[in-house]
Amino acid sequence: MASSREYPERPLVGVGGVVIDNGRALLIRRASEPLRGEWSIPGGMLELGETLEQGVARELLEETGLQVRVLELIEVFDRIVYTPNGGTSRNDVERPRFHYVIADYLCERISGEHAAASDVTDAVFANEEDLGRFHLTETALRILRKAFAMDRARHGA
């Protein structure tokens, strides 16, 4: 029986990939919850038997059409979204509607042209100074800024 993403029994493992190409990062607009309609870092759920790096590469291909090389870990973080469940116990007022442990990786494009696919409605490359206009979460913004810094360090800039 597959575990539900909404009100899961245990945390779910998610992966994301920050692709920086020519000084711009790839962003996607999400087609499903959580964060439906919001701009974010491409990624999704790790599948059984898949390494973190394999999951990142698969998700980027599915969502954006890009083949990528996974370079290095940027950050691991929790995304926990609570929703009141109407419980009667004081200890049972809220329970997690979503609980993901997400590992985001710095990636480089190997081939392909970016396009929205899978559960994505749009995909664009953005300069670091333009990130503010995409109304990203604080976590996504922090990870993207780290990725830009890592990319500059890789290229000696």
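The lining of the largest pocket is made up of six nonpolar residues and two charged ones, with no polar residues. This is a predicted model. The protein chain has an average pLDDT of 90. One cavity of 30 Å³ or more turns up in a search of the whole structure.

**Largest pocket**
- Its volume is about 170 Å³.
- Arg10, Pro11, Leu12 and Val13 are among the lining residues.
- Met45, Leu46, Glu47 and Leu48 also line the largest pocket.

**Largest cavity**
- The volume of the largest cavity is about 310 Å³.
- The lining has 25 residues, and those closest to the cavity centre are Arg30, Gly43, Gly44, Arg79 and Ile102.
- By class, eleven lining residues are nonpolar, seven are polar and seven are charged.

**Helix H2**
- H2 covers residues 138-154, 17 residues in total.
- At 1.5 Å a residue, the helix should span 24 Å; the end C-alpha atoms are 24 Å apart, so expectation and model agree.
- The expected span is counted as 1.5 Å times one less than the number of residues.
- Buried residues of H2 include Ala140, Leu141, Ile143 and Leu144.
- Further along, Ala147, Phe148, Met150 and Asp151 are buried too.
- Just after H2, glycine 156 adopts a positive phi of about 65°.

**Proline 8**
- Proline 8 sits in the segment before S1.
- Its relative accessibility is 15%, so proline 8 counts as buried, the cut-off being under 20%.
- Between proline 8 and aspartate 104 there are 21 Å in space, C-alpha to C-alpha, and the two are 96 residues apart in sequence.

**Confidence**
- Of the residues, 91% score a pLDDT of at least 70.
- Residues 86-90 fall below 50 in pLDDT.
- Beyond near neighbours in sequence, that stretch has two contacts in the model.
- Where pLDDT is low, predicted coordinates should not be read in detail.

Methods. Residues are numbered from 1 along each chain as its sequence is written. This is a predicted model: local features need pLDDT of at least 70, side-chain atom pairs count only at pLDDT 80 or more; totals for chains, interfaces and linings use all residues. Side-chain values use heavy atoms; hydrogens and water are left out. pLDDT is the predictor's confidence in each residue, from 0 to 100. Contact means heavy atoms within 4.5 Å. Helices (H or I, at least four residues) and strands (E, at least two) are DSSP runs, numbered from the N terminus. Buried means under 20% relative accessible area, exposed over 50%, partly exposed in between (1.4 Å probe, protein chains only). On a 1 Å grid over the protein atoms alone, a cavity is a set of points where a 1.4 Å probe fits but cannot get out, and a pocket is an open set with protein on both sides within 12 Å along at least five of seven lines; lining residues have an atom within 4 Å of a point. Grid points are joined across faces, edges and corners, and a volume is the space filled by probe spheres set on the points. Ala, Val, Leu, Ile, Met, Phe, Trp, Tyr, Cys and Pro count as nonpolar, Asp, Glu, Lys and Arg as charged, and the others, Gly among them, as polar.
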